[in-house]
Amino acid sequence: MIPYGRQHIDQADIDAVTAVLTSDFLTQGPVVPAFEQAVAKVVSANYAVAMNSATSALHVACLALGLDKDDYLWTTPNTFVASANCALYCGASVDFVDIDANSLNISIDVLANKLVEAEKTGKLPKIVVAVDFAGRPCDWPALRRLADQYGFFLIDDASHAIGADYNGQMLGGAAWADITIFSFHPVKIITTAEGGMALTNSETLANKLRLLRSHGITRDPAWLEQPDTGLWYYEQQALGYNYRMTDIQAALGLSQLAHLAEWIARRRQLAHQYQTQLAELPLILPSFDSFAHSAWHLYVVQLDTEKTSLSRRIVFDALRAANIGVNVHYIPVYWQPYYRQLGFERGLCPNAENYYQRAISIPMYSGLSDEDQSKVVNRLATILSA
Ligand SMILES: *Cc1c(COP(=O)(O)O)cnc(C)c1O
């Protein structure tokens, strides 16, 4: 099976993990801060807070930004459910903004219009979560302008996009989003098995994120509200969670991070090769931005329904039957039964729905060989010529 995505583990990763296993600290030791500082440095962010998943990081990011039960969070429907669930964890309401059919990211036009309407009814969002789908940066300067104009916070769900840049500025470090989230799940660009991170340039937000990641507890003398009664003393100051990353995971992450530039370069090369090799097939291929460089977490093709009558299901099943591990990203979030029961109906975001019905994610990972890539291309050509 050639999977659609997979991790890349070498002996250095194994040695890094083993070293932590025989050290004094399996968790809450020195490797988590080392990993945080290393990621912050790579993307030029001031602060990084590692967590046990991107989902946890999204939850805590919403709490740190003050999302509450009377608030609204808006996001894109073309994402993993976690980008929306974080609002519901906080008791807030969620709504969806359609995508741009070309970039597959949140549509700036649809967002701008929706904001005009929401202002009239007093239902402006407190947070907008924008997702750099497949690793391709959103139009961050435009999002920032709208955030400043309407006074909402921006979370960049960059789970697909560590290593991507917009005009040379790495996502996570650039100041467009208030908080940026990375995921280190094995299918993502670098992995800690499970794991995520929240990055920000705000010291206040970083302190809140750290507090909430660990039960709302602090031992920092500078922070204590009551007199320090001894070395054992700590205070719980907020209702937090145990969302900590272990040092075992952080060691893997740190070791993986050393390959980031090389792996992104390989993903970009694979994307360019697909672009040439698939050009003649009845497919809509991803487009490239001149100003932004995708991290290419995914390579998604869409069936060009004007040029082929084959259904997505037929093409998808034929690829799977040929041991090519294709996938689909994403079913519009509000099509999920849980969201339908909240009152969302089909038709809400036509671009996301049209896109979803034609999309197939084909293999894309740094360890994909040219030879295996050719197998994917040839098989697709055979299937589509039937
Ligand atoms: C993977 C992913 C998440 C969740 O990441 P976890 O680390 O598995 O919690 C959130 N948002 C997007 C867009 C993702 O792709």
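This is a predicted model: local features need pLDDT of at least 70, side-chain atom pairs count only at pLDDT 80 or more; totals for chains, interfaces and linings use all residues.
Start by selecting tyrosine 330, which sits in the loop between β16 (324-325) and α11 (337-340). Helices (H or I, at least four residues) and strands (E, at least two) are DSSP runs, numbered from the N terminus.

Residues are numbered from 1 along each chain as its sequence is written, and side-chain values use heavy atoms, with hydrogens and water left out.

**Stop 1**

A pocket here is an open set of points on a 1 Å grid over the protein atoms alone, where a 1.4 Å probe fits, with protein on both sides within 12 Å along at least five of seven lines; lining residues have an atom within 4 Å of a point. The space in the second largest pocket is about 360 Å³, the volume being what is filled by probe spheres set on the points, which are joined across faces, edges and corners.

Colour the lining by class and you will find nine nonpolar, twelve polar and three charged residues. Ala, Val, Leu, Ile, Met, Phe, Trp, Tyr, Cys and Pro count as nonpolar, Asp, Glu, Lys and Arg as charged, and the others, Gly among them, as polar. The elements that give two or more residues to this lining are α3 and α4, and α3 provides the largest share, three residues.

**Stop 2: α3 against α4**

Next, select α3 (residues 54-64) and α4 (residues 82-89), whose axes come within 9 Å and cross at roughly 45 degrees. Axes are lines fitted to C-alpha atoms, for helices over the stretch in contact, and angles run from 0 to 180 degrees between N-to-C directions. The pair is therefore oblique; angles under 35 degrees count as roughly parallel, over 145 as roughly antiparallel, 65 to 115 as roughly perpendicular and the rest as oblique. The crossing of α3 and α4 is right-handed, meaning that the near helix is turned clockwise from the far one by less than a right angle.

Show side chains for Thr55, Leu58, His59 and Cys62 in α3, which meet Ala82, Ser83, Cys86 and Tyr89 in α4; contact means heavy atoms within 4.5 Å. By class, the residues of this contact are five nonpolar, three polar and no charged.

**Stop 3**

Move to glutamine 28, in the loop between α1 (11-21) and α2. Its phi is near 60 degrees, a positive value in a residue other than glycine.

The largest pocket has a volume of about 620 Å³. Of its 18 lining residues, the closest to the centre are Gln28, Arg210, Arg213, Ser214 and Ile217. Two or more residues each come from α2 (31-43), α7 (203-213) and β11 (217-218), with α7 giving the largest share, four residues. The lining divides into seven nonpolar, five polar and six charged residues.

**Stop 3: α2 with α8**

Among the residues in contact are Val31, Phe35 and Val39 of α2 and Ala250, Leu254 and Leu257 of α8. The contact of α2 with α8 has eleven nonpolar, one polar and one charged residues.

**Last stop: α10 and α13**

Finally, select α10 (residues 312-321) and α13 (residues 370-384), with axes that come within 10 Å and cross at roughly 135 degrees. That makes α10 oblique to α13, and the crossing is right-handed. Here Val315, Ala318 and Leu319 in α10 meet Arg379, Leu380, Ile383 and Leu384 in α13, giving six nonpolar, no polar and one charged residues.
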